[in-house]
Amino acid sequence: MDNKKKNILVVGGTGFIGSQVIYQLLQNNEYEVYSFSRHKNSLCSSFVGNVMNKTTLDVVFKSIPIDVCLILYGLKSVADSSQISIYTENDLEGMINILNVCLDNGGTKVVYLSSGVVYQSGIKLTETSPTESNSLYSMLKLTNENLLFWYKQHKNLNYVILRIFNVCGFSSIGKVSNDVISLILNRKKLDVYGIDYDTPDGTLIRDYISVQDVANAIVCAIDYNNSDIINIGSGVGYSVLEIIEIIENIVGIKVELNFLNKREIDQPILIADVAKAIKKLGWKPTKDLV
C-alpha cells in the first residue's frame with residue numbers, strides 16, 4: 001500500500017481563502033503542504049515570492065515534486081479591475097508562469113479559482129450557463145479558464161476550475177473578508193450601487209458562501225480525477241438590502257445608505273446551481289448566511 005503523502009503547493013497561501021485552505025489541509029495527514037505567496041505563512045513550509053518572477057517559481061518546483069498546484073492568488077476587486085496593466089500582469093502573465101513552470105517540472109494537475117462573475121445574470125446558474133466578459137476581471141478569469149483548456153489539450157495538464165460565488169465570513173485563523181458587515185462597523189455610510197435593477201427590491205442579488213465551505217471544496221478538488229468546471233456557492237440569493245437588514249438586526253446599528261448609480265460591470269442576479277459540486281466532489285455548503 002502506497003502511503004506517500006501528496007505534495008500540495010498553495011499559490012496565494014496567505015490570502016483570505018488560501019490561508020483557510022492550508023489550515024484545512026493540515027488537519028489531514030494525507031498531504032504535505034507548501035505556501036507560495038508574497039508573505040511568509042507561519043502554518044506550513046513557506047516560499048516567499050511573486051508569480052511574476054518565473055525564476056523564483058522554478059526554484060520551488062525544482063526543490064519539491066508538486067503533485068497538485070492550487071492557484072488561489074489574484075487581485076480580487078471587480079470594480080478596480082480597470083487598472084489594466086496591474087491586472088493583466090498579475091493575473092494573466094502570472095498564471096502563464098505558473099502553468100509553464102509546473103509543466104517544466106513534471107506537474108500534472110492544477111486547481112484554479114475562477115469566479116461566478118463570469119456568468120450572465122441568472123438564477124440557478126449551471127456550469128453550462130452563458131458567460132459574459134462585462135469587466136476586465138471577468139474577462140481575465142475566462143481567459144485563464146481558456147488557457148487551462150488549451151494546456152489540457154496540448155500539454156496534458158489536468159485542471160479543476162472552481163467558479164466561486166461571493167465569499168464571506170470568518171476564517172479559522174482569524175482572517176475576515178472585506179464584506180458588508182466589516183464596512184458597516186467601520187463607516188458611517190454604506191454605498192449601494194443601483195436601486196433600479198430588475199429584482200424585487202431593485203438591488204443586486206448575490207449568492208454568499210462561507211470561506212470555510214469554499215476551502216473545503218478546494219480540498220475536495222485535489223483528489224477529483226477529471227478536468228472539469230464546477231460551481232461553488234450556497235445556491236441561495238440575497239439582495240443588498242436584505243443583507244443590510246440582516247446585519248442591522250445582528251449588530252443593532254441602523255445603517256445610513258448612500259445610493260449611487262448602478263455600474264455596468266454588475267450583473268443583476270448571480271445565484272449558483274451547486275448540484276454538480278454535490279455530485280462530483282461529494283461537497284455541499286454547510287453554513288447558512290442567517
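**Salt bridges, cysteines and overall fold**

Glu-248 counts as buried, at 15% relative accessibility (buried means under 20% relative accessible area, exposed over 50%, and partly exposed in between, with a 1.4 Å probe and protein chains only). The closest N and O atoms of Glu-248 and Lys-254 are 3.8 Å apart, within the limit for a salt bridge (a side-chain nitrogen of Lys or Arg within 4 Å of a carboxyl oxygen of Asp or Glu).

The model is predicted, so local features need pLDDT of at least 70 and side-chain atom pairs count only at pLDDT 80 or more, whereas totals for chains, interfaces and linings use all residues. Residues are numbered from 1 along each chain as its sequence is written, and side-chain values use heavy atoms, with hydrogens and water left out.

The structure holds eight salt bridges in total. In general, side chains of opposite charge can pair when their charged atoms come close. Another of these bridges joins Asp-228 to Lys-276, with the closest N and O atoms 2.6 Å apart. This pair links distant parts of the chain, 48 residues apart: Asp-228 sits in strand β11 (residues 228-232) and Lys-276 in helix α8 (residues 275-281). Helices (H or I, at least four residues) and strands (E, at least two) are DSSP runs, numbered from the N terminus. Asp-228 is buried, at 14% relative accessibility, while Lys-276 is partly exposed, at 23%.

A further salt bridge is found between the side chains of Glu-32 and Lys-5, at 3.7 Å from N to O. Because Glu-32 belongs to strand β2 (residues 31-37) and Lys-5 to the segment before β1 (6-11), the pair ties together parts that are 27 residues apart in sequence. Both partners are partly exposed: Glu-32 has a relative accessible area of 33%, and Lys-5 has one of 28%.

What about the cysteines? The structure holds zero disulfides (a disulfide is a pair of cysteine sulfur atoms within 2.5 Å). The sulfur of Cys-69 has its closest cysteine sulfur in Cys-102, and the 5.7 Å between them is too far for a bond. Seen from Cys-102, the closest cysteine sulfur is likewise that of Cys-69. Cys-69 is buried, with a relative accessible area of 0%, and Cys-102 is buried too, at 1%.

Turning to the whole fold, the protein chain contains eight helices and 14 strands. Its radius of gyration (taken over C-alpha atoms) is 19 Å, close to the 19 Å that the globule rule gives for 290 residues, so the chain is as compact as a globular protein of that length. That rule is 2.2 Å times the number of residues to the power 0.38. Along the principal axes, the C-alpha atoms fill a box of roughly 55 × 35 × 35 Å. Of the 290 residues, 48% are buried. Among contacts with a separation of 6 or more, 76% are between residues 24 or more positions apart, a contact being heavy atoms within 4.5 Å.

The accessible surface of the protein chain comes to about 13800 Å², and carbon and sulfur atoms hold 50% of it (Shrake-Rupley method with a 1.4 Å probe; for residues, only the protein chains shown count as cover). Within the loop between β2 and β3 (45-48) lies Leu-43, which is partly exposed at 35% relative accessible area.
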